[in-house]
2 protein chains.
Amino acid sequence: MYEGVLQNLIDELGRLPGIGPKSAQRIAFHILGADPVDVKRLAQALLEVKEKIHFCRICGNVATEDECLICRDPRRDDQVICVVEEPKDVVAIERTREFRGRYHVLGGAISPIDGIGPDDLRIRELMARLADGQVNELILATDPNLEGEATATYLARLVKPLGIKVTRLASGLPVGGDLEYADEVTLGRAFEGRRLLDV
Amino acid sequence: MYEGVLQNLIDELGRLPGIGPKSAQRIAFHILGADPVDVKRLAQALLEVKEKIHFCRICGNVATEDECLICRDPRRDDQVICVVEEPKDVVAIERTREFRGRYHVLGGAISPIDGIGPDDLRIRELMARLADGQVNELILATDPNLEGEATATYLARLVKPLGIKVTRLASGLPVGGDLEYADEVTLGRAFEGRRLLDV
């Protein structure tokens, strides 16, 4: 419908998550009217993320080096690992300032319906980290929904023979929701009230 | 909160219209996991639009040449000009296949509250196009809201001395809405039933 390059941009924007055809059109016209310097900066930011961001060798969080900022921080407590589904969950928990240990990012949750099993998550890497006996608590902070609970139960059973204390974030999080949408206070409370997972 | 380049992308995305902080984050993580080729294509599409798209010298529509596709088309009727607010309105009207004349894109509507007066729109250019006496009908297809109606009334009064028939799209368009959101049938009906504007 539009001149080639404009339609092309609308199509490309429409492939992004949560951007429908009308939003894509609105953003494309915004780009058309925007300062070229701003557009160049956005294009650059897109390319730089692909170029410079990797996943941390240790925990699976986003990182610009081999290891992420948190894994490189010597002041963090090596005895506690908090397991989350996604890097954005790390950010949500960091925002509460309740937790000073390390993280482990699974890269998702067990979901048979989406064809995601334990082997598709960074569970082998987690077990390797637990092998040296330095960790005495594993906090399972997967999302409080069906997949997150299943993943937490699976991990709790897997880790049980190692004799490590396994905890789960307290209720307080709205059930059926996504961890990343919780406000700081709710998420902080959930951290305080985490309970022993007995399976 | 995130590694510099990732936060940077989230910030840049958050500046786009209709993209809040959560959407920006979601898109940024989508980019992080996307095929580098796709991301390069999106970045390229952004830059190409700025580089190659201008506004048509004659009608103000988007164009890759000096003149847009419609102004360059010899089969269009030179005796009718349809005045719209934005280039996306041209696309909406083209989709109805009801109109075979030319367009004039104002670049907005009169809106004192936003500080947009007649001098901020391409009205002088419109009057220049009407000067040669070739046009015998001017269809005012500005949005059926307050600003669009005000702009139509202003233009009708301005054009009256030239003795050109001035029409306005028929009701059928939901009042208070935006022209671009009308479905093809409604917009087509509105074209058929356009009425003489007597001021």
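The questions and answers below take up one topic at a time.

Trainee: What kind of model is this, and how are residues and chains labelled?
Mentor: Residues are numbered from 1 along each chain as its sequence is written, while chains are lettered from A and ligands numbered from 1 in the order in which they are written. Side-chain values use heavy atoms, without hydrogens and water, and local features need pLDDT of at least 70, side-chain atom pairs count only at pLDDT 80 or more, and totals for chains, interfaces and linings use all residues, for this is a predicted model.

Trainee: How many helices and strands does chain A have?
Mentor: Helices (H or I, at least four residues) and strands (E, at least two) are DSSP runs, numbered from the N terminus. By that count, the secondary structure of chain A comes to eight helices and seven strands.

Trainee: What share of the residues of chain A count as buried?
Mentor: Buried means under 20% relative accessible area, exposed over 50%, and partly exposed in between, with a 1.4 Å probe and protein chains only. Chain A has 199 residues, and the share of them that count as buried is 51%.

Trainee: In what order do the five strands of the open sheet in chain B lie?
Mentor: Two strands pair if DSSP finds at least two bridges between them. The edge strands, each pairing on one side only, are β4 (101-105) and β7 (195-196) of chain B. The pairing in this open sheet is mixed, and the order is β4-β3-β5-β6-β7.

Trainee: Which residue stands opposite B:Leu140 in β6(B)?
Mentor: Strand β5 of chain B covers residues 137-140, where B:Glu137 and B:Ile139 point one way and B:Leu138 and B:Leu140 the other, all of them buried. β5(B) pairs with strand β6 (residues 165-168) of chain B in the parallel sense over four bridges. One bridge partner in β6(B) is B:Val166, for B:Leu138, and opposite B:Leu140 stands B:Arg168.

Trainee: What is the handedness of the β-α-β crossover from β3(B) to β4(B)?
Mentor: β3(B) and β4(B) are parallel and share five bridges, with B:Asp77 opposite B:Gly101 in β4(B). A crossover is right-handed if, with the strands pointing away from the viewer, the path from the first strand over the helix to the second runs clockwise. The chain passes from β3(B) through α5(B) to β4(B), and this crossover is right-handed.

Trainee: At what angle do the axes of α3(A) and α1(B) cross?
Mentor: Axes are lines fitted to C-alpha atoms, for helices over the stretch in contact, and angles run from 0 to 180 degrees between N-to-C directions; contact means heavy atoms within 4.5 Å. The residues that make the contact include A:Leu42 and A:Leu46 of α3(A) and B:Leu6 and B:Leu9 of α1(B). The axes of helix α3 (residues 36-52) of chain A and helix α1 (residues 4-14) of chain B come within 9 Å, and they cross at roughly 145°.
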